[in-house]
Amino acid sequence: MRLRQNLTIRQKHILWAWGLLALPVIFYVVIRFYPTGNAILLSFQNWNLLGDRTWAGAENYIKLWHDDVFWKVFRNTFVYLLLGTPISLVISFLIAFHLDRVRFMHGFIRMLYFLPFMTSAVAMAWVWRWFYQPVPVGIFNNILASFGIPQINFLNSTTNALPAVLAPAVWAGLGFQVIIFMAGLRAIPQSYYEAARIDGVSGFTILTQITIPLLKPTIIFITVFSSIGFLRIFDHVFNMTTNNPGGPLNSTKPLVLMIYDTAFNGFNMGYAAAQTVVLFTVLLCVSLLQLYLLRDR
Amino acid sequence: MNALKTYLLSGAVSLAAIGSAQAVEIEYWQYFFDARVTAMEQLIENFEAANPDITVNMTHFPYADYRTKVAAAIPAGEGPDVVQLFYGWLNDYVEAELIQPLPADTFDPARIDAEFFPMVQAMKDGDQYWALPTAVRSLALFYNERLFEEAGIESPPETLDELVEIAGQLTKRDGAGNITQVGITTGMNAQDHHWFREVLVRQMGGDPYENNYQTVNYNTDAGQAAAAFYTGLEAEHGVTAAGFMDEPQAAFKAGMAGMHIDGSFRIGALDKVRGLRWGVTELPANAEGMRSNYSSYWVNAITTKAEDERYDASVKFMEYVTSDEAMQIWLDVVGELPAKPSVGMTDANANHEVYGPFIRGLAYANTTIFANESAQRQVLMDMVQRVSIEDLPLTEALATAAEEEQVILDEYYAD
């Protein structure tokens, strides 16, 4: 008690602050940092979940380097990112931009866009999987067939499968991005637009000179957020290709699915941890790069 | 009077003490599957009635957590005394010293060799058994009776040639040539990879593996013939479509498939489908009448945690769960097949309308010893898709598959 009385007000403040911070700090250390460190350690070991962990040195990383499937999967992951992020960004901006001006049933339309975001990814992926089936099950191919157009192999194709899996993933994320964009649009002061209009500036110039520059923080947020999402894509792929996870011929397999398969079907925890460390590094680099590129000058 | 009371009381106390010294509690673990839990409860009840001094506590977990929980608990001296595990995991459990061999005096290997169906010998290492199943599973050919009647087919196919012919009669296409009903379902992702490995390759005169399943041996003429037959069902005869209605069993359940190869564990699910009239028959033989089958099973084993009186109790419990009585209960409650011919081959069981074909299949069944079942399955799935999607010649695809699978086996057996 004496000790506390001897402290200055400033010291007491610091004590309080740390006291309150202790909870999240402990939480993060135990739930995040410790497992992360442990996973990095594990990536240098061999472990099948049952026996003892044994040292493997860099063996897991060397194996990864020579693993054709890994490079295929690595490429897939970036295809998800490089297709998914720009497409969803453009579509969600266009929707938000126009929805912002719609007064008629505004709330209802906004809800329609947001609904997929609230739906369970698993349920959605299964429904889409059935949409994509050949006749007599799949709705898309049934429509094509009824017009006499040859069927399209959506999922059973090494070229079509990845875009087919990506489409519902983009659609599911749209709602969230639209809401964020609309909040961003509303935050732009109306006076800028009024001033522009008085000067007789065209709509396109308003868009490129006022709206988009002022939306920059929003765009950064959405880009980083959705990039991380696409780099970690798993549930859509796993559930849409559940009979042949990541197939056909690994053409849709993202890194997370490979990690899952290595860890929980192959029980090769060390190798899975090495893959996880690679994913972690990639996520870190991509996030830092984006923050750097989109930083305020 | 008082003296007498004291005498009686002390007698009662000492009796109670003896009682508690003999009472043993053992732990039994299995993964959660409704019918299995019910059956095991019944077995435990019977066992406890026969052995009043032993109590068996059953714990069950979701399948996904099972391995981790077992692995964490046993070294800590917690967990099970008797544990259920998939036959394919045996190696891992033995190497991690989680289980101990069954005592040879109670479980005499020679007697087990004679009494159990032959594929159970996969659980034997040298002159001791590590684990034993209560029940086993095998494959058979399900067929849709309604579609058979509609097409005027009297009986299910007996040979592979008949299979192709009947499948042709059962296949339907729409005006554009799209398949709308398959004669037989196919999909390496389902049970077909077992059918290919242990049945077709053997029927074509090959042996899918050598060196106790450590060397792939299907990149041979026999393997070539088996793969050609399998892929020919779609490519040549057009009686099936891979991935038709998403998965084979769904197509069969929906009544859109004439025939379907699946395991005995599918019986329960098919029974629940309203309006589906189905029958089941043994897997078709080759032209010479040779049949083969694939069998898999879950086994029970005694863990390294069980010592002293708990060990003795565990041995007794193992004896009971591998007894004829337990196997009959398991068949009646879970629908899984008895692991001994003495129970399986009784007239009632072997000629049973539904279980019969599966049980008869056990007599000539083989059990693949997998290093990583899902990865080895993937290899065969990829083989078929390299042919169907990437137009690779079958010989090349088969050679690649054999190489890829050998890598998986080599890695697993390296350490």
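Across residues 272-294 of chain A, the chain is 96% helix and 0% strand, with 33 Å between the end C-alpha atoms; helices here are DSSP runs of H or I with at least four residues, strands are runs of E with at least two, and both are numbered from the N terminus. The model is a predicted one, so local features need pLDDT of at least 70 and side-chain atom pairs pLDDT 80 or more, while totals for chains, interfaces and linings use all residues. Residues are numbered from 1 along each chain as its sequence is written, chains are lettered from A in the order in which they are written, and side-chain values use heavy atoms, leaving out hydrogens and water.

An unreviewed UniProt entry puts "transmembrane region" features at several stretches of chain A, including 14-34 and 272-294; such annotations may be inferred rather than shown by experiment. Residues 14-34 of chain A are 100% helix and 0% strand, and their end C-alpha atoms sit 26 Å apart.

Then there is α13 of chain A (residues 255-264), which is mostly covered, with seven of its 10 residues buried (under 20% relative accessible area, 1.4 Å probe, protein chains only). Among them are Leu255(A), Met258(A) and Thr262(A). The cover includes α4, α11, α12 and α14 of chain A.

Over in chain B, Asp92(B) belongs to helix α4 (residues 90-95) and is buried, at 9% relative accessible area. Leaving aside residues up to four places away in sequence, Asp92(B) touches Asn48(A), Leu50(A), Arg67(B) and Tyr412(B), where contact means heavy atoms within 4.5 Å.

Definitions and conventions
Buried means under 20% relative accessible area, exposed over 50%, partly exposed in between (1.4 Å probe, protein chains only).
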